[in-house]
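Dear colleague,

I am passing on the structure we spoke about, and below it I have set out what was found when going through it. Please read the notes with the model open beside them.

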Amino acid sequence: MITPFLALVCLGGEWTIDYTATVEGPRTVYRGTVWLHRTEENTSPCMSYCFDVPEGKLTGASISSDPGQPMLPFDWYDYREGELEIVWCSPPISPNQFLPVYTPRNFSFHIIKTTFNADDLSQLLSDWGPPSVVDAPWPQNDYTFVSPWDLNGDTVVDGKDLAILLAGWSNE
Ligand SMILES: [Ca+2]
């Protein structure tokens, strides 16, 4: 089940961030865009933002150009338990550039939990098996659906994921 629980837009003078955080099984998926605002008054803006995230491991989509890695194309990021901080400053503008320019950059990352209970076990078992190809209605393209219970990011839900779940078992 997919439950969007947050959609946030921050409007600053120098930058904007817009993202959603969606709970999918054991993970929370963050997707969004940051814009740097280059204006006559400020031609080299910088942004920094801190996400309050649930406890867990920082990962990314298993089907991407960099499988399993978070997509955080900024100058710097730092993940600590419960917090992810990003920093991005604009490169110098070319002399002929018209202002204002709003430069966007997309990001996405997952926080996947590392402690599990009996409810998680039954959800993992119900998603057991290889990824499925979803026959999307025209004009969308068909796509491969990987269960969020693929805990190790190899796209299949199998014994390796079960082992991770059992290793993080908690009766609390
Ligand atoms: Ca797997």
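Leaving aside its neighbours within four places in sequence, which residues is F51 in contact with? Before the reply, please keep in mind that this is a predicted model. The residues in contact with F51, once those sequence neighbours within four places are set aside, are Y30, E83 and L84.

Both F51 and Y30 belong to the largest nonpolar core, which has eleven residues and also includes W15, V29, V34, L36, M47, I86, W88, F107 and F109. At least two residues of this core are supplied by each of β3 (27-38), β4 (46-52), β7 (83-89) and β8 (101-112), and the largest share, four residues, comes from β3. Another core lies apart from it and has seven residues, with I111, W149, L151 and L165 among them. As general background, nonpolar side chains in soluble globular proteins tend to be buried together.

Turning to the strands, β2 (residues 15-24) pairs with β3 in the antiparallel sense, over ten bridges, and within this pairing T22 has V29 of β3 as its bridge partner. The two strands β2 and β3 form a hairpin with two residues between them, and in the turn G25 has a positive phi of about 55 degrees. Elsewhere, three strands form an open sheet in the order β4-β7-β6, with antiparallel pairing; β4 and β6 are its edge strands, each of which pairs on one side only. On average, and with direction ignored, neighbouring strands of this sheet are turned by 10 degrees against each other. Within it, β6 and β7 pair over five bridges, in the antiparallel sense, and R80 stands opposite E83 in β7.

Several points in the loops deserve a look. G68 is found in the loop between β5 (57-59) and β6 (76-80), and, not counting residues up to four places away in sequence, G68 touches T59, G60, S62 and G153. The C-alpha atoms of G68 and G153 are separated by 5.9 Å, although the two residues are 85 residues apart along the chain. G68 counts as partly exposed because it has 14 C-beta neighbours inside 10 Å, a number that falls between the limit of 12 or fewer for exposed and that of 20 or more for buried.

The backbone also calls for some care, since most residues other than glycine have a negative phi, and most peptide bonds are trans. A cis peptide bond joins L99 and P100, with omega at about 5 degrees, and P100 has its place in the loop between β7 and β8. The peptide bond from W138 to P139 is also cis, with omega near 10 degrees, and P139 lies in the loop between β9 (132-134) and β10 (143-145). T155 is not a glycine, yet has a positive phi of about 75 degrees; its place is in the loop between β10 and α2 (159-167), and T155 is partly exposed because 15 other C-beta atoms lie within 10 Å.

Finally, the domain assignment of the protein chain gives domain 1 (2-112) and domain 2 (118-167), whose C-alpha centres lie 26 Å apart. The contact takes ten residues from domain 1 and eleven residues from domain 2, and on the side of domain 1 that touches domain 2 the residues divide into four nonpolar, four polar and two charged.

With best wishes

Notes
Residues are numbered from 1 along each chain as its sequence is written. This is a predicted model: local features need pLDDT of at least 70, side-chain atom pairs count only at pLDDT 80 or more; totals for chains, interfaces and linings use all residues. Domain bounds come from an automatic or database domain assignment. Two residues are in contact if their C-beta atoms, placed from the backbone, lie within 7 Å. Ala, Val, Leu, Ile, Met, Phe, Trp, Tyr, Cys and Pro count as nonpolar, Asp, Glu, Lys and Arg as charged, and the others, Gly among them, as polar. A nonpolar core is a set of buried Ala, Val, Leu, Ile, Met, Phe, Trp, Tyr and Cys residues joined through C-beta atoms within 7 Å. Two strands pair if DSSP finds at least two bridges between them. Axes are lines fitted to C-alpha atoms, for helices over the stretch in contact, and angles run from 0 to 180 degrees between N-to-C directions.
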